[in-house]
Amino acid sequence: MGVFAAFVAQGFRQQAAYKVEGWLGLASSLIWFVLFAGIWTALLRDDPAALQRQMQYIIATRFLSELIYLPTWEVSEKFRMGDVGLELIKPVALPVRVLGDFLGRSFFRILRSLPVFALIWAAFGLPAPHPAALLLFAASGLLGWVIAGAFQLSLTLIALWTVQFTEAENLWELASSLFSGEFIPLYYLPAWAGALAAYLPFAGTFFVPSAILAGTLEGAELWRALSLQLAWALAAVTVLWAMWNAGQRKLTMQGG
Amino acid sequence: MDLGHNLSCYCRMALAQARARMQYRANFVAHILSIVLTYGGQFVSLYWLTQRFNTVGGWRLEEIMLLYALAILAWGFAVSFFWSLVGFEDQVRMGTYDRALLRPINPLLTVLGSQSPIQGMGQFVFSIAAFIFAVRMAGVRLTAVKLGYLLLTAVGGGLILGSALIATATLAFWTTRTYTFYWSLVYPARQLINYPISIYHRALQVVLTVLVPFAFINFFPAHVLLDRVAELPIPALAWATPAVGVVTITAAYEFWKLGTRSYTSTGS
């Protein structure tokens, strides 16, 4: 755990050093917010209560998209160039280093954007969230990061067998864009799609934490969703660990 | 250096790149498939939204699909001819842009010729399918004038997006960065026009018309295809896409020339 924390701290410092990226990332977040806010304002114009909840939901998803920033293509590039051989001789396993680094960079990103999203929240006159909802949002958001991070890195590790293979990650992105709730909350999907999505891992990445902050997930439903999220997070870590252990023995290296 | 010589050199380089790309057929087909799937996912989201809410800002599914089709068609042109600019920072950082400066053709054409011109095939496949779907569903009567204007619009829209990519690449002369500028600014800004710009705040509508004129890629010309030109506050905007394309690409090229003056190769 101490080693993982060290990589988190290093990732944080690294992201802080890239000032231009920092500001551009913030501008990017704002453009995405404007896009989603525009669409949902047009859709829910006649229902102020639903629109208010949706604005809270959008701010939550935009904030989470800063957290769930997983540049796995950097790892893919190592496989393509054959640098992965160097990874094997390092004393700390690649998933620990990569995910620690990603989390550190994400922490910097969310710290940087927190004041902006808080300002937007206030500017729209949205009600202050309950402290318990904030706490649950933070915990659920982190679980979502584990699900997305561990599964996506597992898909990247397929390259240990094939050198280059990004199709699996593309499919994850596609399924995630439909079922994660990043754009459309599950309760606005067609009934069958919403019911299916609730059991898939994607719902844990955006929908569950965002619905908690928007106050649309409460009571027994909330605890059921959190339990499922925890189960998916454990499954994701198990898959990642199994992939890494099996993959090291099967490694196909560029130039080897 | 005359235009004919420049264009003939560019064509030879681009065709060589296309031949090289086609050596990896399976990879090329997989690339097209992944592009079609990505846009297909966006279509499904839009379909679900309009199932639930009927319209988005008064625009029906087929009308928004027409916006999608126009935007992706223009993007197909831009990707085919200008995509190499997104990775231009590598050439500036590594100093390999020197090579373009030493060749007897316009350096910008050397950069553009370093990629395959069939890169946008996935976009073309999807946009044509989306266009046929939208035209059928929306009951658009396609006349010769509309078809001719559609072609001009696609080229004009491609030039507008190409200008954005040239501007992005030019920034590399000062900042040695292009990827971040593209993914943080141009990419999300492109997504804004997937929906009718009339749903956004008036200030943003002005930005998308005057400062970053992406609205000319699809929103304004879609009014011609849908016979709704009269609904625009300034109807002439619907016909302005080709002209806006020429103006933006000229401005972007001037900006590029300004940027090249600041190029200092690595080690100098």
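This is a predicted model. Its largest nonpolar core has 134 residues, and of these Ala69(B), Ala74(B) and Ile193(B) touch the most other members. The element that gives the most to this core is helix α3 of chain B, residues 61-82, with 18 residues.

Let us take Ala74(B) from that group. Which residues is Ala74(B) in contact with, leaving aside its neighbours within four places in sequence? They are Ala154(B), Gly157(B), Gly158(B), Leu161(B) and Ile217(B). As general background, nonpolar side chains in soluble globular proteins tend to be buried together.

I turn now to the contact between the chains. Here 25 residues of chain A are in contact with 28 residues of chain B. On the side of chain A that touches chain B, α2 (19-43) and α9 (167-179) of chain A each supply at least two residues. The largest share of that side comes from α2(A), with 14 residues. Sorted by class, the side of chain A that touches chain B has 18 nonpolar, five polar and two charged residues.

Next, a helix pair within chain A. Two packed helices are described by the angle between their axes and the distance between the axes. For helix α6 (residues 94-123) and helix α7 (residues 131-156) of chain A, the axes come within 11 Å and cross at roughly 135°. Because of that angle, α6(A) is oblique to α7(A). The crossing in which α6(A) passes α7(A) is right-handed.

Which residues meet in this pair? From α6(A) there are Pro95(A), Val98(A), Leu99(A), Phe102(A) and Ser106(A), and in α7(A) they meet Trp145(A), Gly149(A) and Leu153(A). The residues of this contact comprise six nonpolar, two polar and no charged.

I close with the backbone. Most residues other than glycine have a negative phi. Asn54(B), a residue other than glycine, has a positive phi near 70°. Asn54(B) is found in the loop between α2 (25-53) and α3 of chain B. Is Asn54(B) buried or exposed? Asn54(B) counts as exposed, because it has 11 C-beta neighbours inside 10 Å, and a residue is exposed at 12 or fewer.

The second case is Asp227(B), which is not a glycine and yet has a positive phi of about 55°. Its place is in the loop between α11 (219-225) and α12 (241-260) of chain B. Asp227(B) has 11 C-beta neighbours inside 10 Å and therefore counts as exposed.

Thank you for your attention.

Note on methods: Residues are numbered from 1 along each chain as its sequence is written. Chains are lettered from A and ligands numbered from 1 in the order in which they are written. This is a predicted model: local features need pLDDT of at least 70, side-chain atom pairs count only at pLDDT 80 or more; totals for chains, interfaces and linings use all residues. A nonpolar core is a set of buried Ala, Val, Leu, Ile, Met, Phe, Trp, Tyr and Cys residues joined through C-beta atoms within 7 Å. A residue is buried if 20 or more other C-beta atoms lie within 10 Å of its own, exposed if 12 or fewer, and partly exposed in between; C-beta atoms are placed from the backbone. Helices (H or I, at least four residues) and strands (E, at least two) are DSSP runs, numbered from the N terminus. Two residues are in contact if their C-beta atoms, placed from the backbone, lie within 7 Å. Ala, Val, Leu, Ile, Met, Phe, Trp, Tyr, Cys and Pro count as nonpolar, Asp, Glu, Lys and Arg as charged, and the others, Gly among them, as polar. Axes are lines fitted to C-alpha atoms, for helices over the stretch in contact, and angles run from 0 to 180 degrees between N-to-C directions. Angles under 35 degrees count as roughly parallel, over 145 as roughly antiparallel, 65 to 115 as roughly perpendicular and the rest as oblique. A crossing is left-handed if the near helix is turned anticlockwise from the far one by less than a right angle, and right-handed if clockwise.
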